[in-house]
Structure formats: C-alpha cells, structure tokens
Amino acid sequence: MRAVAGRRGAWFFAGFAVVALLIAGLLSYVADSDPDGLDSVTQQGCTETGGELRGSCPAQHAEDHVLANSPLADYAVGGDDAFTGIAGVLGVLATLVVAGGLFWVLRRRGTRAGRDDP
Amino acid sequence: MTTVAMHASDGLLDAPTSVLFGAVAVAGLAVAVAGSRRDLDDRTAPLAGLVAAFVFAVQMINFPVLPGVSGHLLGGALAAILVGPWVGALCVSVVLVLQALLFADGGLTALGANITNMALLGTAAGFGVAMLLRRLATRSRAGLVGVAFAAALVNTVVAACGFVLEYAIGGQGAVSLGGFAAALVGVHVLIGIGEGVITALTVGAVAGARPDLVYLLRRRAPLREVTS
C-alpha cells in the first residue's frame, strides 16, 4: 500500500511539475498583453499617447521598477520577449527551489515519512 | 514601454503606507511560518513547493476580462485548498518575492502591500469560504469543484479590496475613492471568475489523482497523528 502510494506519488509530483513547466514555457506566449485589472484602473483618467500618460490618474505616480534592467525583467531575457518561455521556466525552477527548500526546512521531521517503504 | 506588470508598482502608495503594510506583511508571514510547521511533513513539503511553482506559472497567463483589460490568477485560494492556509500564504509570498526580485514585477516598496493583499488577505478569505462550505466539498467531486470556484472568486475580490484600503490610507493621485473602489472591485469580480475556473480545474484534477493530498479534504482527519 505504502509502496504503491510512493510510486504514484512520484508520478503525480513529476506530472505536476511538467504541467507547471509547460504553462510557463509555452502557454505564456499566448498570455493577454493588455494591462491587468489593477493597471487599467490606476490608468483611468489618463490617455496613453506615445507611451506617456496624459491627464490625471494614479498610474502617473507609478515609478519604474528599480530592477527594470535586470536580465529577466518583465518575463523576458535581456529585454527580448521571444524568450518569455525561458524566463518562465527559470521562474518555475527558481520558485521550486526557494519554496521547496523553505518548506523542506520548515517541515516536521520524521513524521508521516512517505519514503519509509523499501 | 508598456509592461505586463501584474502587481502594484512602487509610487502608487506613499512611503508611510508602504512601510505600514510592509510591517503587516512581515507580521503575517511570521504567523504563517509558525502555522505552517504543523502542516508540513516529508510528504506535504514537496507538494507545497510544486504548488508554489504552479502558482508562479499560472500567474504568467493573463486572460482577457474586458476589452483592453486582462487578469491573472492570484492563487491564494488554490494553494490554501491544496496545502492549507499557512503554507498557501507562504507559497504566494515566495512567488511575489521572486517576481519582484527576478522579474521586476511588483515594486519593491509595494511588496508589503502586494503580500498583504494577495498572500494574506486573499488566501485567508478564500480559505475561510472553503472551510464554511467544507461539507459540500467533502460530499462529492462536483461539490469540491464548486467550493474551489467560490473560494477563488472571493479570494480575488478580497485581495482587490485590500488594495482599495491601502489606497484609501495613502494612495497617490487625486481620484474619487468611491469610483476607484467600484472600478477596481468590479474588474476583479470578472478576474475572480477566471481565477475560479482555473482553481476549480486544478483542484478537481489534483483531487482526481490524489484526493489524499488535498488539504481541505483531509482536515480534521488524522491531523494530530502522533508517531514516534
């Protein structure tokens, strides 16, 4: 029973990871590039002409990101949107490492060990 | 240059408000870390890491909600249903921190507000709804999927309300708060429907493969299993 759960567990975890990688690596290319809900509402009252906001709206107070020139900024690689999928895959892996590492450190040791099967 | 920035940028909130919600976020995360220790073991820790990675991936997928307006998953309810509210809040927080640091998405001074809204408030509200409707969720697969949808919808709307609160306290720019609140909450009801669909599909798929891993279904089960 445990052994079966262990094998199924491995397949399940691998499948989950593959789905996340496919979404970030491929589906990301068809994501809608329009401003999201928060951005569009903070831009209400302004019209955008030539990349500049005219009128009066909260978005005019938004500052450029301090790290806007970092290599993966805006889910691109070196500013090139053609590599969004690569940026996405790197993000999934980074999240997996950071979150997985954090949770592994925080976990209760030696309880419900799912790997006590031979 | 237009960016597909997904979260609040720097500058929308004044400095005291940013500091205030930075403190709220730190306090909330400390509570979440303490609470999550109970829920993490050798089996759930890897799942939780995957859930965080999945939330990161799905947050990249903006979907259209109105002409010229998009939305994307926030993920708090999704994570909380699968791995519990404490770990769920940490999942979304890790995603937000990495997005701000690696992808220049979401301002650094706005990080506290973004964590407060999406990782703390949204997750708490979504999980609250899921717990209220838990009987329905445990009864049938359809019930679980419906509960996941409702929890995710509420999660999105409450996260938007969090930003309205922050904007009311220290928002920059002269706009009528009522109009701003109505527009922001209104558009997040639409985004919440998308969030609900994605959450329902994901929770349904996980429950189909491994119902034993769904936190909402095994709560009050052997939570206090003492092994030595």
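In the predicted model, Glu48(A) stands opposite Leu53(A), a residue of strand E2 of chain A. The two strands involved are E1, residues 46–49 of chain A, and E2, residues 52–55 of chain A. They run antiparallel, and four bridges join them. Two residues separate the strands of this hairpin. Gly50(A) adopts a positive phi there, near 55 degrees.

Chain B also contains a hairpin, built from E1(B) and E2(B). These strands pair in the antiparallel sense, over three bridges. Leu66(B) faces its opposite residue, Val69(B), which belongs to E2(B). Two residues lie between the strands. In the turn, Gly68(B) has a positive phi of about 80 degrees.

Chain A is divided into two parts. Domain 1 covers 1–31 + 71–108, and domain 2 covers 34–62. The C-alpha centres of domain 1 and domain 2 of chain A are 32 Å apart.

The two chains meet at an interface. The size of an interface is often given as the accessible area lost when the parts come together. Between chain B and chain A, about 6,100 Å² is buried. Carbon and sulfur atoms give 69% of that area. In chain B, the residues that lose the most area to chain A are Asp42(B), Met60(B) and Phe103(B). Together they account for 12% of what the chain B side buries. The contact draws 78 residues from chain B and 64 residues from chain A.

Polar contacts cross this interface as well. The rule finds 14 residue pairs in polar contact between chain B and chain A, with both residues at pLDDT 80 or more. Several elements of chain B give two or more residues to the side that touches chain A. Among them are helices H1 (15–39), H2 (44–59) and H4 (85–102) of chain B. Strands E1 (63–66) and E2 (69–71) of chain B, the strands of the chain B hairpin, also belong to this group. H2(B) gives the largest share, 13 residues. By type, the residues on the side of chain B that touches chain A comprise 50 nonpolar, 19 polar and nine charged.

Charged pairs were examined next. Side chains of opposite charge can pair when their charged atoms come close. Across the interface of chain B and chain A, the rule finds two salt bridges. In one salt bridge, Asp42(B) pairs with Arg107(A), and the closest N and O atoms are 2.5 Å apart. Over all chains, a search of the whole structure finds five salt bridges. Asp42(B) sits in the loop between H1 and H2 of chain B, while Arg107(A) sits in the segment after helix H3 (84–106) of chain A, so the pair joins two chains.

Definitions and conventions:
Residues numbered from 1 in each chain as written. Chains lettered and ligands numbered in written order. Predicted model: local features only at pLDDT ≥ 70, side-chain atom pairs only at ≥ 80, totals over all residues. Heavy atoms only, no water. Pairing = 2+ DSSP bridges. Domains from an automatic or database assignment. Contact = heavy atoms within 4.5 Å. Buried area = accessible area lost by both parts, 1.4 Å probe. Salt bridge = Lys/Arg side-chain N within 4 Å of Asp/Glu carboxyl O. Polar contact = N/O pair within 3.5 Å; in protein donor to acceptor, adjacent residues only side chain to side chain. Nonpolar A, V, L, I, M, F, W, Y, C, P; charged D, E, K, R; others polar.
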